[in-house]
Amino acid sequence: MSTEGDEPVKTICPYCGVGCGITVNQGDDPGDVNFMPWGEAPVNEGRVCIKGGAATQVVDHEDRLTEPLIKENGEFREATWEEAYSRIVSEMEGIRDEHGPDAMGFFGSSKTMNEENYLLQKIARRYGTNNVDNCTRMCHASTVWALRTSLGAGAMTNSMVDLEESADVLWIQGANPGEQHPIANSQYFRQAVLEGATVIQVDPHANKTTRSFEIDETERHMHLQLNPGADIPLLNVVLKTILERHEEEPDAGWIDEGFIEERTEGFDHLTETLEDFDKAAAAEEAGVPLEDIELAAEKYAMANNAAIFTGMGMSQHTCGVDNVQNEINLALITGNLGKPGTGVNPLRGQNNVQGTSDVGAMPNVLPGYQLVDDDEARESVEDVWGFEVPDEPGLTNVEISHEAGRSVKGLYVMGENPVMSEPDGNEVEKRLRSLEFMVAQDIFMTETAELADVVLPATTWAERGGTVTNTDRRVQRMRGAETVHENTRHDLEILMEVGSRLFGEAEFRFDDVEAVFEELREVCPIYHGMTYDALGETGLQWPCYEEGDEGDQYLYADSFDTENGFGQIEGVRHQPPAEVPDEEYPLILTTARLEEHYNTGTMSRRSPTLSRQHPENFVDVHPNDAEAYGIEDGEMVTLRSRRGEIEVKAQVTEDIKEGVVWTTPHFAAASANRLTNDVLDERANIPEYKAAAADIAVTVGDGGERVDGGDPETDSEPGDAEPADD
């Protein structure tokens with residue numbers, strides 16, 4: 001599973017979903033692992049952001065888990081692998097015997113590889129439950145739902161290359177690629193603007209994306225700075241404007257009548273939904289001048305090829321499915337699907353969040369997004385696996401968390417940190433403490449692993465091989481250097497051992513990681529034509545149905561992969577966030593990621609390079625709010641919601657709208673997810689991270705004195721961070 005010898009190893013960056021190629025060089029000492037650029041890498045051509053350049057810093061970090069741990073009387077002790085495996089198997093068998101298979105939950109991980117997530121979900125199904133999920137639920141579940149039901153596949157419809165080469169307008173809504181996908185932003189999006197494209201950014205927060213398009217001698221950038229949770233009103237203004245202009249100028253090309261007639265259904269529902277729609281009132285609700293929205297609508301509709309990029313700012317709402325559906329509506333009525341430079345394109349946040357879902361680590365689908373309640377699809381997988389799969393969807397990871405200590409008695413967590421990643425983290429921690437048994441398989445002692453009964457030390461991304469799938473459906477091989485700590489084990493090796501001990505050698509023993517991929521190909525139609533040899537160093541984009549296929553750069557050239565082959569248009573109406581400001585909590589709290597950190601910070605907070613940029617959390621506050629609350633720039637403040645409070649440093653800035661505060665989820669000492677609201681989109685079960693009612697106050701010490709967070713004249717601020725090497 002690892003590459004032997006002294007040659008540098010070509011692999012994939014472990015951070016965001018762009019899928020940048022990097023090279024790992026290992027010295028004489030196994031712990032001497034260093035980053036090197038890979039100049040011919042297919043996605044990034046050697047360029048990396050600050051995270052990619054610092055990725056190897058965590059491989060031999062002093063905090064690495066190096067021995068199995070078992071908790072006794074509330075304290076961990078070192079154990080042998082045999083003890084750890086025996087305890088896991090005994091506990092899992094006991095839970096199934098006493099409570100049934102649905103009393104266990106399984107969390108896959110987008111930080112691990114396709115083969116490992118494939119094997120984890122296979123173990124869950126062999127155990128007898130579909131209670132298996134991954135962090136897609138927290139990021140893009142609503143996007144996947146809307147894309148799959150309305151177009152056919154829950155993934156980017158197009159590819160970075162064809163978008164950069166062919167798109168005239170880039171509509172970026174609820175995504176911040178300048179911060180979260182910096183190489184995609186610099187190498188594809190910004191380059192497209194330099195070559196003549198227009199970018200329309202819709203985001204409550206001005207950020208690195210905003211600043212990256214402030215290009216001399218061009219005005220081809222608009223930033224529509226809307227209020228959090230007002231995406232549907234804004235997009236309905238766009239749609240209504242396009243429909244009105246079409247009535248006025250039927251031959252001007254505002255909509256694509258031929259495309260609507262031949263390839264879609266539901267257009268009448270959209271027009272009926274918007275028949276009495278008040279554009280002026282909606283624009284006011286969105287907090288954006290009506291004329292700006294109308295101009296953006298014109299730019300999109302009049303483009304030859306217009307591409308939509310969507311992100312967690314759209315998906316992480318109780319109306320997340322409707323948010324994304326409205327983006328799909330916009331693309332369908334203008335014919336911006338099924339050709340280069342168009343489409344609806346989710347920018348995935350982790351390096352294998354796409355692949356983890358592709359291989360079936362979700363409660364309602366098997367590998368290749370085959371529904372578990374589709375008898376024909378399920379039986380075809382059962383024929384390969386040799387056992388029956390439950391025919392009812394299981395619980396999502398948030399539902400598993402909700403049921404922890406109740407109907408769910410045990411939890412197997414591979415590479416995830418739900419105490420930090422799930423909303424209302426204080427309650428998540430309480431519920432996980434009430435489990436009868438939990439095993440955590442990770443590289444560091446995370447906040448979740450602290451609560452586990454057994455902790456298994458895994459190897460890092462740089463020490464093992466496998467495949468990952470990036471944001472534009474490109475399956476690429478990761479290759480490993482030598483194992484740094486001899487008693488750590490590859491995730492796949494651990495899963496094979498657990499599966500074999502639970503169910504028998506034949507089902508869960510494989511010669512190597514490639515053999516697992518070969519079985520995955522058998523049960524996953526969209527990967528069926530791929531082999532390790534065919535993937536090579538450039539990878540292949542799914543769908544790839546037969547060996548020799550080169551994959552598809554863009555989807556839906558001739559038809560959509562829906563039941564009847566038509567793209568589904570559906571009008572949607574505004575649904576305010578579940579929690580809106582009131583007298584007690586008068587502000588809107590919204591959250592997002594930083595370029596220099598990554599998700600729950602398990603890896604990035606341990607990187608000296610990244611921590612120097614942002615050693616602690618902060619909150620952006622508008623100057624008018626700062627004045628009203630008596631807050632000075634750089635001062636420590638207490639940020640509160642109905643679920644808890646955190647102490648952070650205030651950054652007074654006009655980047656955020658008045659009445660809104662903005663912070664990040666990366667820092668355990670002050671995690672935003674102690675505050676976020678544990679309410680879900682009713683279809684996708686994704687939490688509403690992007691809007692919660694909050695309050696803020698200057699932090700007061702025990703003696704009642706005002707606590708000063710530092711000298712704003714000398715302390716560094718987030719905007720002062722060293723720029724990425726992109």
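In this predicted model, the largest nonpolar core holds 115 residues. Within that core, the residues that touch the most other members are Phe-106, Trp-171, Leu-234, Ile-333, Tyr-412 and Tyr-527. Beyond its neighbours within four places in sequence, Leu-234 is in contact with Trp-171, Gln-173, Val-202, Leu-224, Leu-226, Ala-286, Val-288 and Ile-293.

Thr-241 counts as buried because its relative accessibility is 0%, and the cut-off for being buried is under 20%. If residues up to four places away in sequence are set aside, Thr-241 touches Lys-279, Glu-294 and Ala-297. With Lys-279, the link is also a polar contact: the two side chains are joined at 3.1 Å.

A pair of packed helices can be described by the angle between their axes and the distance between those axes. For helix 3 (residues 114-127) and helix 24 (residues 513-523), the angle is about 65 degrees and the axes lie 9 Å apart. The crossing of these two helices is left-handed. On the helix 3 side, the residues that meet helix 24 are Glu-115, Tyr-118 and Lys-122; helix 24 contributes Val-513, Val-516, Phe-517, Glu-519, Leu-520 and Val-523. Sorted by class, this contact comprises six nonpolar and three charged residues, with no polar ones.

Definitions and conventions. Residues numbered from 1 in each chain as written. Predicted model: local features only at pLDDT ≥ 70, side-chain atom pairs only at ≥ 80, totals over all residues. Heavy atoms only, no water. Buried < 20%, exposed > 50% of the residue type's maximum accessible area, 1.4 Å probe, protein only. Polar contact = N/O pair within 3.5 Å; in protein donor to acceptor, adjacent residues only side chain to side chain. Contact = heavy atoms within 4.5 Å. Axes fitted to C-alpha atoms, helices over the stretch in contact; angles between N-to-C directions. Helix = DSSP H or I, 4+ residues; strand = E, 2+ residues; numbered from the N terminus. Left-handed = near helix turned anticlockwise from the far one by under 90°. Nonpolar A, V, L, I, M, F, W, Y, C, P; charged D, E, K, R; others polar. Core = buried A, V, L, I, M, F, W, Y, C linked by side-chain atoms within 4.5 Å.
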